[in-house]
Amino acid sequence: MDNCQEISTSGKSTKDNIISICVFLSGFSCFAQLYYFQPLLPDLAHEFNLSASYSSLAISFSTLGMVIGLFTAMFVADSIPRKNLISAALLSSSVASVICSYSNSFFLLVTLSALKGFLLSGATSVSLAYISEEVLPKNKGKITGLYIAGNALGGMGGRVISSYLSTEFSWRTASASIGVLCAVFAILFLIFSPRSINFKPKKENFKSLIISNLHLLTSAKLLPFYLIGSLMLGIFVSLYNYLGFYLVKEPFNFPDYLIHYIYFMYIFGVFGSIATAKLTARYNHFKIQKTIVLSSVAALLLLYVNNFWIVTLGLAIFTFNFFVVHVICNRVVSDYNLQKRSVTISIYLLFYYMGSSVWGSATGVVLDNFGWQWFIATLIALTFILYAIAYRGARLMQEN
């Protein structure tokens with residue numbers, strides 16, 4: 001009997017290892033495809049004769065497509081096996097990325113970007129549910145962290161690879177190459193990822209879906225964590241959107257071609273994602289979240305200093321912190337209602353990406369009108385609001 005149990009446990013551990021690699025590839029593909037146009041915006045502006053703000057629609061519409069897709073996923077994701085949905089999303093979005101490289105008009109490119117974001121939502125909406133349902137409880141935190149690390153490396157890798165290829169060849173080569181790379185990852189996921197053994201399709205009428213999902217949308221316990229993810233990503237995106245504008249001016253005077261390399265700072269997000277599993281194994285994750293948010297204020301204060309290495313340190317700390325907070329929010333939201341994992345995760349991601357769009361633009365208005373000092377002050381103020389929400393969320397979750 002003991003030998004049988006050992007074999008069974010060994011088999012499950014092997015399965016978990018395979019899942020960890022597969023979800024890492026999924027996370028990488030999603031973020032690489034969602035954001036690889038960011039360093040290519042000047043190329044798009046030049047080719048299609050656009051202003052800088054107009055060219056940014058290539059990114060904005062990818063995110064908008066993601067939001068629309070996540071809203072749709074709230075109502076259909078629980079009726080489709082997880083592996084099937086993730087595989088289809090990754091492969092179809094890769095095809096859209098390749099087709100983007102053939103766009104002869106900016107309108108077509110933006111339309112394809114929106115479609116790409118919509119398709120990617122199929123993977124992002126259920127990947128965490130897939131992890132929660134299929135892996136051993138003891139491995140759940142580690143594999144969730146690895147999935148988020150894939151997000152971080154994908155966000156970094158997509159930007160760096162596309163930037164390099166556009167410099168050496170063209171933005172069209174960059175777009176096609178990212179699409180082909182992610183198509184390879186999609187095929188690997190399809191071939192090697194274990195099927196959804198513990199997934200049970202749910203069949204509900206439309207009225208019951210609306211009522212139950214709206215309840216989760218307005219849940220007093222979940223709402224703080226939706227808002228934490230939204231605000232934290234908004235601040236994070238704001239930093240990476242506008243830091244380049246700061247570094248090209250006095251006293252740094254960075255040349256434009258070096259600015260793209262700030263995305264290598266995402267490597268600290270990988271460390272943060274992996275470290276979260278070890279931190280939450282030893283300490284209460286609500287206390288970790290509050291501590292991390294407070295230390296983010298200190299990280300932002302370092303960005304006032306006119307020294308490149310101190311600014312880099314501040315950015316590294318904030319990047320690490322962002323991914324710790326994101327992993328914890330994901331775990332809280334996905335474990336709240338085991339029967340509605342994909343729904344709560346979709347709602348969380350809806351808030352998450354809306355935060356990117358809203359705060360990423362709003363803080364830019366502050367920078368344009370009042371300068372870097374007030375821009376950082378605004379981010380610090382938002383971080384204190386974030387702490388108040390985290391404090392309230394922890395109290396609500398710990399109540400009986």
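# Burial, salt bridges and aromatic pairs

Colleague: Does Arg82 count as buried or exposed?

Modeller: The relative accessibility of Arg82 is 1%. The model is predicted, so local features need pLDDT of at least 70 and side-chain atom pairs count only at pLDDT 80 or more, while totals for chains, interfaces and linings use all residues. Residues are numbered from 1 along each chain as its sequence is written, and side-chain values use heavy atoms, with hydrogens and water left out. Since buried means under 20% relative accessible area, exposed over 50% and partly exposed in between (1.4 Å probe, protein chains only), Arg82 counts as buried.

Colleague: With which residue does Arg82 form a salt bridge?

Modeller: A salt bridge requires a side-chain nitrogen of Lys or Arg within 4 Å of a carboxyl oxygen of Asp or Glu. For Arg82, the closest N and O atoms of the bridge are 2.7 Å apart, and the partner is Glu133.

Colleague: How many residues apart in sequence are the parts that this pair ties together?

Modeller: Helices are DSSP runs (H or I, at least four residues), as are strands (E, at least two), numbered from the N terminus. The salt bridge between Arg82 and Glu133 has its closest N and O atoms 2.7 Å apart. Because Arg82 lies in helix α5 (residues 82-100) and Glu133 in helix α7, the parts tied together are apart in sequence by 51 residues.

Colleague: How many residues of helix α7 are buried?

Modeller: Helix α7 spans residues 127-134 and is mostly covered. Among its buried residues are Ser127, Tyr130 and Glu134, and Glu133 counts as buried at 13% relative accessibility. The number of buried residues in α7 is 8 of 8.

Colleague: Which residue meets Glu134 in a salt bridge?

Modeller: The N to O distance of this bridge is 3.1 Å, and the partner of Glu134 is Lys15. The pair links distant parts of the chain, 119 residues apart, with Glu134 in helix α7 and its partner in helix α1.

Colleague: What N to O distance does the salt bridge of Arg172 and Glu47 have?

Modeller: Arg172 is partly exposed, with a relative accessible area of 24%, and Glu47 also counts as partly exposed, at 40% relative accessibility. The side chains of Arg172 and Glu47 meet with an N to O distance of 2.6 Å.

Colleague: Which residues does Ser26 touch, leaving out those up to four places away in sequence?

Modeller: The place of Ser26 is in helix α1 (residues 2-35), and at 1% relative accessibility Ser26 counts as buried. Contact means heavy atoms within 4.5 Å. Ser26 touches Ile86, Leu90, Ala123, Ser127, Tyr147 and Phe189.

Colleague: How many aromatic pairs does the structure hold, and what kind do Phe48 and Phe106 form?

Modeller: Rings of Phe, Tyr and Trp (its six-membered ring) pair if their centres lie within 6.5 Å; planes under 30 degrees apart count as stacked, over 60 as edge-to-face and the rest as tilted. The structure holds 25 aromatic pairs. With 5.9 Å centre to centre and 50° between the planes, the pair of Phe48 and Phe106 is tilted.
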